[in-house]
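Please keep the sequence and the structure in view while reading.

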Amino acid sequence: MIPLTVREIADAVGGHMSAVAPEAIVRAPAEFDSRAITAGGMFIALAGERVDGHDFAEAATRAGAVVTLASRDVRAPAIIVDDVLQALGKLARYLVDRLPDLTIVGITGSSGKTSAKDLIAQLLAPLGQTIAPPGSFNNELGHPTTVLRAQKDTKFLVLEKGARGPGHISWLTEIAPPRIGVVLNVGAAHLGEFGDIETTAQAKGELVAALPPEGVAVLNADDPRVAVMSTKARTVFFGLSAQADVRAENVVLHNGRAHFDLVTSAGRQAVRLKLFGEHHVSNALAAAAVALEAGAELPQVAKSLNDATALSGGRMAVTERPDGVTIINDAYNANPDSMRAALNALTAIAGEKRSWAVLGNMAELGPHAQEAHQTIGAYAAELGVDRLVVIGENATSIHAGAIQSPGFRGESHQVSTAQEALAYLTTELRANDVVLVKASLSAGLQRVALDLIAGETA
């Protein structure tokens, strides 16, 4: 965070100061977890359903917080506002306006945002100081908190933009106006919130609609709903399409990792991704397009792609145990599109080995949930997954989709809890099996993946 006085912050957010020195300087990051506060920082007091951050203002002060941003009086130096999240957004915008040389890259899409964000950050890093959020800090809290980490010498700020409904992405672009906007895809994620895929497309399109005329829209040429998005900015297309400005040719998989030729108007370079899954080709192309627009040379882009690793946990993290069992932990999030991508990766990694898909609930699908889960079961069967273990509220639909699929030669085992699944897997796994664990975070399958990694076959 650039150094700001408490008075400057109060003026920026429209708050009043309480028991604090107006000229005291905040120079360390803003944190909403009092345990993460460092000397010179600012504590963000949020009133949650189970925990009220206002109760930890004193602890944050003892840890070094100069001031607490709060919505009511606290027993600590504070700036009091009506709405902490709105104030946080105002402060983030104030900081952005103080950094005219900062290039903001915004990313949205129904799936792949975090992986693409991590790739873009790694490709931009050789060009200058780059800040990107850890994990999926893509909402009204994580987004401005990440913005506040920018310093005077920060050159690139890479931000995911998630949405729970129309207008959310527009609001995030007002907090941190992007010069480069990336739309990866429009899929079935969050249908329970958006209602239909057309509304989802409109919401994702808010990102490129917010770009200035001198900005750049980086759009997926292979997704018809993305390719037609309207923007005032110049458009660069990425994809497998021959019409894409940044495209992949000769894509092949080696042990689940994609190799391809990266082709642009500047030439052609071989890329050998370390990341698992063919779906990362699209993410890599989007990242390459952004880096090239930011001034990177094509050979450096290819080298950075070859060197890139997964930075955010729980996303296609592949671990081989000492007994030869391979665990693919992809249990951070799930929707129909990412489920299919993960199942494709499972079969590619497994090859002739026995494949297991441990699948849990996909959240936020609303009335489409039963059909979506049944379709995923059928897709696993179609791919030839050898063993399914399905868990939780929509397990019956996944199970039915698999066993009712013509030609399914595998087995499907249905359980109610993650603990039951782990107990079953512990006794049934054999050396050299390959196991995918995939679900929305709320399903709690991260623990299954981690326990499987730590264990061995019976």
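Helix 4, residues 113–124, has 12 residues and reaches 16 Å from its first C-alpha to its last, close to the 16 Å expected at 1.5 Å a residue, where the expected span is 1.5 Å times one less than the number of residues. Helices (H or I, at least four residues) and strands (E, at least two) are DSSP runs numbered from the N terminus. The model is predicted, so local features need pLDDT of at least 70 and side-chain atom pairs count only at pLDDT 80 or more, while totals for chains, interfaces and linings use all residues. Residues are numbered from 1 along each chain as its sequence is written, and side-chain values use heavy atoms, with hydrogens and water left out.

Because 12 of the 12 residues of helix 4 are buried, this helix is largely enclosed by the rest of the structure; buried means under 20% relative accessible area (1.4 Å probe, protein chains only). Among them are Lys 113, Asp 118 and Leu 124.

An open sheet of 6 strands has the order 17-18-22-19-20-21 with mixed pairing, two strands being paired if DSSP finds at least two bridges between them. Its edge strands, strand 17 (317–320) and strand 21 (411–415), each pair on one side only. Strand 19 (residues 355–359) and strand 20 (residues 387–391) pair in the parallel sense over 4 bridges, and the bridge partner of Trp 356 in strand 20 is Arg 387.

| Helix | Strands touched | Angle of directions |
|---|---|---|
| Helix 12 (residues 336–350) | strand 17, strand 18, strand 19 and strand 22 | about 170° with strand 22 |
| Helix 15 (residues 418–428) | strand 19, strand 20 and strand 21 | about 160° with strand 20 |

Key: Buried means under 20% relative accessible area, exposed over 50%, partly exposed in between (1.4 Å probe, protein chains only). Contact means heavy atoms within 4.5 Å. Axes are lines fitted to C-alpha atoms, for helices over the stretch in contact, and angles run from 0 to 180 degrees between N-to-C directions.
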